Amino acid sequence: MNLIEQLSQALGAGPTFHHGHQTLQFHHDGDRLTCQLTALDSLACALVGLEFHSHRLQGVNARRLEEIAAALSKKLSYLLEPIHPIETDCDRCIVQMRSSPPRKHSAGTDYYELLVTAEGMIRLARYSRAPGAARAPIAAQLTHEVLVRLAGDFAAAAAC
């Protein structure tokens, strides 16, 4: 079974929980998918982080990472906010993407951050920042369908 099939099966058959922290990890053909969750039920989850590691991304140059980030920016239109590249670190070969625009509310600002690195990783997390405070990670509320789609889009981006 590939990573996406493993994730789908685990979400459909896995135990539900509403407190604590659980990590789901899957391996296939040299790739690894890690989902860090704080809640899981029959329809949705609270996702703290989604990481996709692939040998196909290791050692690629900054230009290639920018192409991957641009492709992801177009594909991930189904999240709460659009995500766009904001910075490329050519020395470390990392492209940083964020919600643009972020979600603003009375308590501050919430946004997604996505990193694409030449260490072979694509990582998505959600953060909140209150005025005058440092940012803090928060869980993104996703249906199973959206989580599986995200994982599939990460895998497809690495394969191109």
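1. Asp-91 sits in the loop that runs between β4 (83-89) and β5 (94-99), where strands (E, at least two residues) and helices (H or I, at least four) are DSSP runs numbered from the N terminus. With 78% relative accessibility, Asp-91 counts as exposed, the classes being buried under 20% relative accessible area, exposed over 50% and partly exposed in between (1.4 Å probe, protein chains only).

2. This is a predicted model, in which local features need pLDDT of at least 70 and side-chain atom pairs count only at pLDDT 80 or more, while totals for chains, interfaces and linings use all residues. Residues are numbered from 1 along each chain as its sequence is written, and side-chain values use heavy atoms, with hydrogens and water left out.

3. Taking a salt bridge as a side-chain nitrogen of Lys or Arg within 4 Å of a carboxyl oxygen of Asp or Glu, the count comes to 9. One of them pairs Asp-31 with Arg-56, whose closest N and O atoms are 2.8 Å apart; Asp-31 belongs to strand β2 (residues 31-40) and Arg-56 to the loop between β3 (44-53) and α2 (62-75), so the pair ties together parts 25 residues apart in sequence. Asp-31 is buried at 7% relative accessible area, whereas Arg-56 is partly exposed at 33%.

4. Glu-51 and Arg-123 form a salt bridge with closest N and O atoms 3.0 Å apart, and because Glu-51 lies in strand β3 and Arg-123 in strand β8 (residues 121-129), this pair ties together parts 72 residues apart in sequence. Both Glu-51 and Arg-123 are buried.
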